[in-house]
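Please keep the sequence and the structure in view while reading.

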Amino acid sequence: MLEKLSSILKKTTDKIANAIFLDKNLVDSIVKDLQRALLEADVNVSLVLELTKKIKQAALDERIKGIEKKEHIIKLLHDELVALLGTSREIKLGKHNVFLMVGLYGSGKTTTISKLALYYAKRGVKVCALGLDVHRPAASEQLKQLCDSLNVKCFISPDEKSPKKIWNKFKDELKEYQLVIVDTAGRHSLDNDLISEIKEISKFTNPTETILVIPADIGQAAKSQASAFKKATSLSGIIITRMDSTAKAGGALTACAEVKAPVLFIGTGEKPADLETFNPESFLSRLLGMGDLKALMEKIHSAMSKEDIEKSQARIREGKFTMKEFETQLETMSGLGSIDKLISLIPGLSSAKIPEEAMEKQQDKIKHWKAAIKSFTPEEIENPEILEKQTSRIQRIAKGSGTTTSDVRALVKQYKIIKEMIKSQSGIEEGKLDQKTMLKLAKKFSKKIKF
Ligand code: GDP
Ligand code: MG
């Protein structure tokens with residue numbers, strides 16, 4: 001479900017959590033990724049722009065700094081996305097309940113009724129279905145078959161063309177059920193005919209919930225459909241079906257939020273068990289692959305301690321970058337499991353592309369490097385360049401750490417590359433680098449770095 005959006009959101013929060021400097025370039029790239037992902041999920045353009053504008057403003061707000069800024073942005077992103085997804089409403093069942101299911105042809109009403117019946121039956125509710133879709137001959141049979149397979153009582157009268165007559169025929173029996181779910185006929189579009197039919201059925205069924213069924217694949221178009229049904233009926237909520245089979249689900253969800261119609265459930269597959277209650281907060285948690293906002297905040301703190309970040313920033317700003325700083329970076333890199341954390345150390349380089357396979361290889365190297373650094377003398381830590389001229393030192397380190405001389409040489413080379421990059425930027429204030437320099441550096445960096 002919404003895999004692409006999910007993966008971009010995860011990446012975005014990772015980028016924020018792991019960046020040492022939230023400079024303009026990094027923010028730009030995050031905002032761009034977010035926009036693309038949300039638009040691909042069919043979220044309305046103006047909603048997307050509004051959201052990303054807020055993120056950008058917060059990111060470039062000079063008053064908040066360091067880790068607080070990251071927390072602020074993650075929280076903002078989280079809250080804005082939750083708001084975008086709408087509010088939740090849980091149905092509270094009374095003694096006797098009638099759900100009137102409405103929607104256009106093929107939206108998934110009948111399938112969803114069987115899903116709801118199973119959902120409530122599992123929770124000990126005495127539930128039945130009633131077929132009032134009198135327009136299509138096979139409609140009531142379809143409902144009956146689905147219910148039979150679930151051992152749910154289903155009332156139909158296939159030859160009767162008047163919904164009211166069918167209701168009257170069964171109404172005494174229906175009173176014995178705590179929940180009656182009523183199937184109705186759809187149309188190709190919401191026309192006056194359909195409205196008056198729903199109104200008529202509402203009068204005698206007296207529903208406790210009138211639920212609109214909308215397929216996720218219509219995306220943003222859900223907005224006009226939901227608002228039209230809301231105007232014409234006393235809509236109490238929406239069920240979005242086919243969440244599993246479209247990339248446009250984001251559009252359908254946010255559209256319902258826009259017209260303030262709560263999404264009660266989502267359909268996530270064709271089988272009767274493929275129904276989930278909808279809650280914006282937990283839905284977002286799932287997209288982000290995290291437990292909740294607290295877990296996200298912990299991610300920021302565990303990525304690097306506040307002191308680590310501040311120390312690194314301070315030393316790097318002063319132009320100091322010894323093997324000690326490089327080691328700290330290696331620590332965080334292996335802690336986080338990837339080299340792109342090192343890249344996020346350098347403002348603007350966060351967009352440098354590194355293939356996944358190469359990253360795994362890099363992991364092994366990092367292990368060797370960390371071992372090798374342990375065999376450095378204090379002099380070598382302060383000034384790793386001396387190794388270049390003295391092969392005996394390299395041999396000593398390799399021997400002492402159980403690595404090879406080429407490991408040690410590669411380590412020194414990496415260190416020098418990073419140092420050179422940092423030197424070429426020293427004295428430049430956070431966020432003040434221009435895009436051109438950044439691009440140049442990024443190119444240079446990705447060319448030079450060897451895996
Ligand atoms: P109705 O005309 O509104 O009663 O729609 P139906 O219940 O007959 O469903 C139309 C089609 O949508 C059927 O082929 C269902 O199997 C399919 N469908 C309904 N809900 C879902 C869902 O959540 N996921 C998927 N993949 N298909 C669904
Ligand atoms: Mg149907």
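The report below treats the strand order, the pairing of strands and the helices in contact with them.

The structure is a predicted model. Its eight strands form an open sheet with mixed pairing, in the order β3-β2-β4-β1-β5-β6-β7-β8. Strands β3 (153-155) and β8 (275-277) stand at the edges with a single partner strand each, so one side of each is left without a neighbour in the sheet. On average, neighbouring strands of this sheet are turned by 25° against each other, direction ignored.

| Pair | Bridges | Direction |
|---|---|---|
| β2 and β4 | six bridges | parallel |
| β2 and β3 | three bridges | parallel |
| β7 and β8 | three bridges | antiparallel |

Individual residues illustrate these pairs.

Strand β2 is mostly covered, with six of its six residues buried. On one side V127, A129 and G131 are buried, and on the other C128, L130 and L132 are buried, which leaves both faces covered. Together with helix α6 (residues 139-149) and β3, strand β2 makes a right-handed β-α-β unit.

Two further helices lie across strands of the sheet. Helix α5 (residues 109-122) lies across several strands, including β1, β2 and β4, and runs at about 175° to β4. Helix α10 (residues 249-258) lies across β6 and β7, running at about 175° to β6.

Terms used. Residues numbered from 1 in each chain as written. Chains lettered and ligands numbered in written order. Predicted model: local features only at pLDDT ≥ 70, side-chain atom pairs only at ≥ 80, totals over all residues. Heavy atoms only, no water. Pairing = 2+ DSSP bridges. Helix = DSSP H or I, 4+ residues; strand = E, 2+ residues; numbered from the N terminus. Axes fitted to C-alpha atoms, helices over the stretch in contact; angles between N-to-C directions. Contact = heavy atoms within 4.5 Å. Buried < 20%, exposed > 50% of the residue type's maximum accessible area, 1.4 Å probe, protein only. Right-handed = clockwise from strand over helix to strand, strands pointing away.
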